[in-house]
Amino acid sequence: MSRIGELLVREKMLSLQQLQQAQEEAKRTGKRLGATLSRLGYVRDQELTQFVAKQYSLPSINLSEIEIDATVLKLVPREICEKHQVIPVRRSGATLIVAMADPSNIYAIDELKFLTQYNIEPVVASESALEGALSRYYDKGPDLDAMLGEFDVDNVDFSGTADESVNVVDLENQAGEAPVVKLCNQILLSAIKKKASDIHVEPYEKSFRVRFRIDGILQEEMRPPLKLRNAITSRLKIMASLDIAERRLPQDGRIKLKIGINKEMDFRVSVLPTLFGEKIVMRLLDKSTLQLDMTKLGFDIKPLEDFKVAIKKPYGMVLVTGPTGSGKTTTLYSALSELNTIDRNISTAEDPVEFNLHGINQVQMHEDIGLNFATALRSFLRQDPNIIMVGEIRDFETAEIGVKAALTGHLVLSTLHTNDAPSTVSRLLNMGIEPFLVTASVNLVLAQRLARRICADCKIPDEKYPEALAKMGMTEDQIRKATIMKGRGCNTCNNTGYKGRVALYEVMPFTDPLKELVLQGASAAEIKTEMIRGGVQSLRMAGIAKILEGMTTPEEVLRTTVED
């Protein structure tokens, strides 16, 4: 792929600096260069595929629109396909047609020729489409029937409600059965492959289901038999080092899964007793996908500049707001990564600590022994800090100490749960913080959301009525020039039309006019009007900009943002 990178630079589709950044990122994450260029937004998948096809005078192929015969797939083992990022497509006489991301890879062509004894004819496909095809044809997912066939389901009965007493030894034995172990491992691995953020294992009176949250939306993955409910639950609790005898109280644990030679995946496990058994939710924490470079988070130029100015001030508060799962932690971690230099002492209070960051003192909260955000904050002030991060401001005590720290020469970063940036001011006032303290301490408020990104492999124009677009806030000029896109649905995106997510930001610097309004007791609506008048893009406006860029759909923007 390095050859293709050079060609992209020569054709001015990519700057040398972007290529170097992408190469460094690819080296850090272990991903291929093409996928990295696409993920960083430097070159779109389709553009890259068409460019490569044109350079080598080869046809391109859309793998989501064809069905590959099983006999052809058997000609090339999965390991070889993954090693060279290729997949056999069809056979024509003595020729095997192979889809490749990099047709200049002569080593791959030679190895395939030697292995299959066919002449190899390459066609070009995008790396994401190849990844999807490999997953589709070589990973058929957990063969539930085969696994359950090995298990004597008829002799296991765990029916009943959650508070029935069950022999712990029996539970351990059932949890250790090979099919149950395999099934639990397969659930975890399948979630990793599908890039899920959470796994939900849910017992009900007459059913038992497993759901994955992919790109922020829950999707059903499988329905294991109800009789295996406690065996699967116990196995997951054993993996998370939890007490399987305790079935009446919530428990929290962690599963560490080693994948390959140098990749580890953490699962944060939460067990909650419900009416018909224990519900388990596992949050996937993959450090290799943690994006700490602020320029790649999706900020526009001006908002990013405002955010950087605010976090580089020697003192004050920077608040990030948004619902659960909107990427607040990632934004804060990226800010800390930018500020993490040898001359700064940084302490964080988190509940829970999601990722370990080198050079930063991270403290895990333990409410049961009295270690909460307020206690941690007080201790931090005796630890000679420069920068403090508080996971969340939940009460007056934490807010008060945070404001005092911001006023006494410390930079304080934190999060709040509010709908938008102007509402954050009202929330602090409602907590009991005096208006003059809010105006003196807050540097900037950032609100964010994550909207699903249109799948690059099945993106098509969408005919939208002007009335509907005008209703969501688009101007007549925008509607006239807009080409609205949508995803048709393909194997790459699991027929949803979406793959990945894009961030929407509302970055509100605390300017003098805004401070004046707060001191006068203005409402959140009045603050928002002044914010927009001052040139700040609201969440809805940021969403409309992403629609016009063809990155997301009107439905997604309406789902994730409120009307201005």
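1. Start with N495. This residue sits in the loop between β17 (485-487) and β18 (498-509). Its phi is positive, about 60 degrees, although N495 is not a glycine. The model is predicted, so read the angle as a feature of that prediction. Most residues other than glycine have a negative phi. N495 counts as exposed because its relative accessibility is 55%, and the cut-off for exposed is over 50%.

2. S241 is another case to check. Here phi is near 55 degrees, again a positive value in a residue other than glycine. The residue belongs to the loop between α12 (229-239) and β7 (251-259). With a relative accessible area of 67%, S241 is exposed.

3. Helix α17 itself spans residues 421-431, and its buried residues are A421, P422, T424, V425, L428 and M431.

4. Look next at the peptide bond from D351 to P352. It is cis, with omega near 0 degrees. Most peptide bonds are trans. P352 lies in the loop between β11 and β12.

5. How many residues of strand β11 are buried? Five of five, across residues 346-350, which leaves the strand mostly covered. In a regular strand the side chains alternate between the two faces of the sheet. For β11 both faces are covered. I346, T348 and E350 are buried on one side, and S347 and A349 are buried on the other.

6. β11 has two strand partners to inspect. With β13 (residues 387-390), β11 pairs in the parallel sense over four bridges. T348 has M389 as its bridge partner in β13. Strand β12 (residues 361-364) also runs parallel to β11, and four bridges join the two. In that pairing A349 stands opposite V363.

7. Which residues are closest to the centre of the second largest pocket? The pocket holds about 240 Å³ of space. It is lined by 16 residues, and those closest to its centre are Q46, T49, I61, N62 and D457. The elements giving two or more residues to this lining are α4 and β16 (459-461). Helix α4 supplies the largest share, three residues. By class, the lining has six nonpolar, six polar and four charged residues.

8. T49 deserves a separate look. The residue lies in helix α4 (residues 45-55). Is T49 buried or exposed? At 11% relative accessibility T49 counts as buried, because the cut-off for buried is under 20%. Leaving aside residues up to four places away in sequence, T49 touches S60, V124, A125 and S126. T49 is also among the residues closest to the centre of the second largest pocket.

9. Last, the whole chain. The secondary structure comes to 24 helices and 18 strands. The C-alpha atoms fill a box of roughly 80 × 70 × 55 Å along the principal axes. Of the 564 residues, 49% count as buried. Among contacts between residues at least 6 apart in sequence, 65% join residues at least 24 apart.

Methods: Residues numbered from 1 in each chain as written. Heavy atoms only, no water. Buried < 20%, exposed > 50% of the residue type's maximum accessible area, 1.4 Å probe, protein only. Contact = heavy atoms within 4.5 Å. Pairing = 2+ DSSP bridges. 1 Å grid on protein atoms, 1.4 Å probe; cavity = no way out; pocket = protein on both sides within 12 Å on 5 of 7 lines; lining within 4 Å. Points joined across faces, edges and corners; volume = space filled by probe spheres on them. Nonpolar A, V, L, I, M, F, W, Y, C, P; charged D, E, K, R; others polar.
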